[in-house]
Amino acid sequence: CLFDPYQLRPTWISEMDMFKEADDLIAEYIEDNPMEKITVFSTDGDMYQFLNKDNVSLHNFTKIITKQEIEDKIGLPIEKYVCIIYQPIRCKIWVRN
């Protein structure tokens, strides 16, 4: 790696946990900081679930992704969205009851 991922920007926070995925760490940070305005930069569909929080925005490196845009795309309210897993033959969508 040509750069230190813990030193990307002075005000950016980096965390690593050998036993957690990035979306788990982000979810914990969001839950621990409900008053902080948070922007998640990712193209990973797992991040859509964070759009149900008023203090979170999602950016796909090209534009801000809106809650309405995702609801239109998946045909579900964002509150019911958990994750989408793409497999070679099929796509699975899990929803909250």
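Colleague: What makes this an open sheet, and in which order do its strands run?

Modeller: The sheet has 3 strands in the order 1-2-3, with mixed pairing. Strands here are DSSP runs of E with at least two residues, helices are runs of H or I with at least four residues, and both are numbered from the N terminus. Strand 1 (38–41) and strand 3 (64–65) are the edge strands, since each pairs on one side only. Bear in mind that this is a predicted model, where local features need pLDDT of at least 70, side-chain atom pairs count only at pLDDT 80 or more, and totals for chains, interfaces and linings use all residues. Residues are numbered from 1 along each chain as its sequence is written, and side-chain values use heavy atoms, with hydrogens and water left out.

Colleague: How do you know that strand 1 and strand 2 pair?

Modeller: Two strands pair if DSSP finds at least two bridges between them. Strand 1 and strand 2 have 4 bridges, in the parallel sense, so they pass that rule. Val40 stands opposite Leu58 in strand 2, and Phe41 stands opposite His59.

Colleague: And what joins strand 2 to strand 3?

Modeller: There are 2 bridges between strand 2 (residues 56–59) and strand 3, and these strands run antiparallel. With at least two needed, they count as paired, so the label holds. Leu58 stands opposite Ile65, while the bridge partner of His59 in strand 3 is Ile64.

Colleague: Why is Thr39 called partly exposed?

Modeller: Its relative accessible area is 35%. That falls between the 20% and 50% limits, so Thr39 is partly exposed. Leaving out residues up to four places away in sequence, Thr39 touches Ser57 and His59, where contact means heavy atoms within 4.5 Å.

Colleague: What makes Phe41 and Phe61 an aromatic pair, and why is the pair called tilted?

Modeller: Rings of Phe, Tyr and Trp (its six-membered ring) pair if their centres lie within 6.5 Å; planes under 30 degrees apart count as stacked, over 60 as edge-to-face and the rest as tilted. For Phe41 and Phe61 the values are 6.0 Å centre to centre and 45° between the planes. Phe41 sits in strand 1 and Phe61 in the loop between strand 2 and strand 3, 20 residues apart, so the pair links distant parts of the chain.

Colleague: Which residues touch the most other members of the largest nonpolar core?

Modeller: Of its 14 residues, they are Val40, Tyr48, Leu51, Val56, Leu58, Ile70 and Ile78. A nonpolar core is a set of buried Ala, Val, Leu, Ile, Met, Phe, Trp, Tyr and Cys residues joined through side-chain atoms within 4.5 Å. Strand 1, strand 2 and helix 2 (67–74) each supply at least two residues of this core.

Colleague: How confident is the prediction, and where is the pLDDT below 50?

Modeller: pLDDT is the predictor's confidence in each residue, from 0 to 100. The protein averages 79, and 77% of the residues score at least 70. Over residues 84–97 the pLDDT is below 50, though this stretch has 28 contacts in the model beyond near neighbours in sequence. Where pLDDT is low, the predicted coordinates should not be read in detail.

Key: Buried < 20%, exposed > 50% of the residue type's maximum accessible area, 1.4 Å probe, protein only.
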